[in-house]
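I want to look up a few charged side chains and then the chain as a whole.

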Amino acid sequence: FKDAATKGLEALLPGTGVYCPGLITPEGIDEADIKDAYKSYYVSANMTLIVVGSFNRNVLVSQIKSTLGKVTPKPSNGSKLITPPYITGAKEVTGALSPLIGSDGEVGLAYRTDGLNSPDIYALWVLWKYLDRVLYERIRVKEAMSYSPGAGYSSGYDYGVFLTSADVNLDKIESAKALLEQELDELKQGRIEAKHLEVVKERILWEIARSYESNSSVAGFYVSNLHRLKTNGNLTNDEASISKVTPEDIQRV
C-alpha cells in the first residue's frame with residue numbers, strides 16, 4: 001500500500017534509507033530494538049550544541065558541564081551514508097490503489113539533483129520559486145485545472161529532489177502531466193521571462209530577511225548550515241549568490 005510519492009523517492013534515491021525498506025508499521029519492533037537504536041545514535045559524536053540569544057557565557061558553560069558534560073564520550077555507530085547513483089531514463093510509478101478509490105489524485109514529475117555542495121544549488125533554488133509561480137498561474141489561474149499546483153526542492157548534503165506537481169481530478173491526470181512537461185520544456189528551450197525572474201529573486205531575498213526574526217529561527221539557520229560550517233569553516237552569502245542567478249543558469253539546471 002505504498003503511495004506514488006514513496007515509490008518515486010525509492011526509485012530516485014535507491015539505497016539511501018530515505019524510506020526504511022519493508023518498514024511500513026511499527027509491528028515487529030520491540031523494546032530491545034529501541035534501546036539498541038538509542039545506544040547507537042544518541043552519542044556525543046552525533047551531537048552539535050547551538051546556542052542563540054542573550055545569555056551569560058559563564059553560567060551557560062556551567063549548565064552545559066552539569067548536564068551534557070556527564071554524557072559518556074562514545075564514537076558514532078550510525079548507518080553509513082550512501083550517495084545514490086543517478087538513474088538512467090524515466091520511470092513511471094502509481095499508488096497501490098490508484099485509481100480505484102476516490103475521484104481526485106495528484107500527478108508529478110520528480111528529478112534527482114546534486115546536494116548542498118553543488119554550485120547549482122542557488123539556480124535550483126530560484127528555479128523552484130520561479131516555476132512554482134509559473135505553474136500556479138498556468139494550471140490554476142488560466143486553466144482552472146488544479147487547486148494547488150507548484151514546484152518543490154529539497155536538498156541534503158550530497159543529493160536532492162526537485163518536484164513539480166498538481167492536484168487534479170482523475171480524468172485530468174494526463175492533461176495536467178502534459179502541462180507540467182510543457183512548462184518544463186519552455187525552460188529547457190530558454191523561454192524565461194527575465195523580468196519575472198528578477199521579481200522572484202527579490203521575493204526570495206525578502207523571505208530570507210524575514211525568516212530569522214527569533215532565536216529559534218536563527219538557531220535553525222545554523223543547524224541547516226552546519227554542513228557548510230564544518231566543510232568550509234564559514235557561512236555562505238546566500239543573498240549574493242541568489243542575486244547572481246541568470247536566465248541562462250535556470251535553463252542549464
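These are my entries, from ground rules to single residues to the whole chain.

**Ground rules.** This is a predicted model, so I keep local features to pLDDT of at least 70 and side-chain atom pairs to pLDDT 80 or more, while totals for chains, interfaces and linings use all residues. Residues are numbered from 1 along each chain as its sequence is written, and side-chain values use heavy atoms, with hydrogens and water left out.

**Layout.** I looked up the elements and got 10 helices and 3 strands (DSSP runs: H or I of at least four residues for helices, E of at least two for strands, numbered from the N terminus). From the N terminus the order reads α-α-α-β-α-β-β-α-α-α-α-α-α. The C-alpha trace spans about 60 × 50 × 30 Å along its principal axes.

**Asp238.** I found Asp238 in helix α9, residues 238–243. Is Asp238 buried or exposed? Asp238 has a relative accessible area of 9%, so I log it as buried (under 20%; exposed is over 50%, partly exposed in between, with a 1.4 Å probe and protein chains only). Its side chain makes a polar contact with the side chain of Arg228 at 3.2 Å (N or O atoms within 3.5 Å, one able to donate a hydrogen and the other to accept it; residues adjacent in sequence count only if both atoms are side-chain atoms). Beyond four places in sequence, Asp238 is in contact (heavy atoms within 4.5 Å) with Tyr122, Trp125, Ile208 and Arg228.

**Salt bridges.** I searched the whole structure and got 12 (a Lys or Arg side-chain nitrogen within 4 Å of an Asp or Glu carboxyl oxygen).

- Arg191 pairs with Glu186 at 3.5 Å; Arg191 is exposed at 51%, and Glu186 is partly exposed at 26%.
- Glu198 and Lys201 meet at 3.1 Å, 3 residues apart in helix α6 (residues 194–210), about one turn. Glu198 is partly exposed at 44%, but Lys201 is buried at 5%.
- Arg252 bridges to Asp249 at 3.3 Å. They sit 3 residues apart in helix α10 (residues 247–252), so about one helical turn separates them. Shared partners join Asp120, Asp249 and Arg252 into one network.

**Whole chain.** What share of the 253 residues counts as buried? I get 27%. Of the contacts with a separation of 6 or more, 78% link residues 24 or more positions apart.
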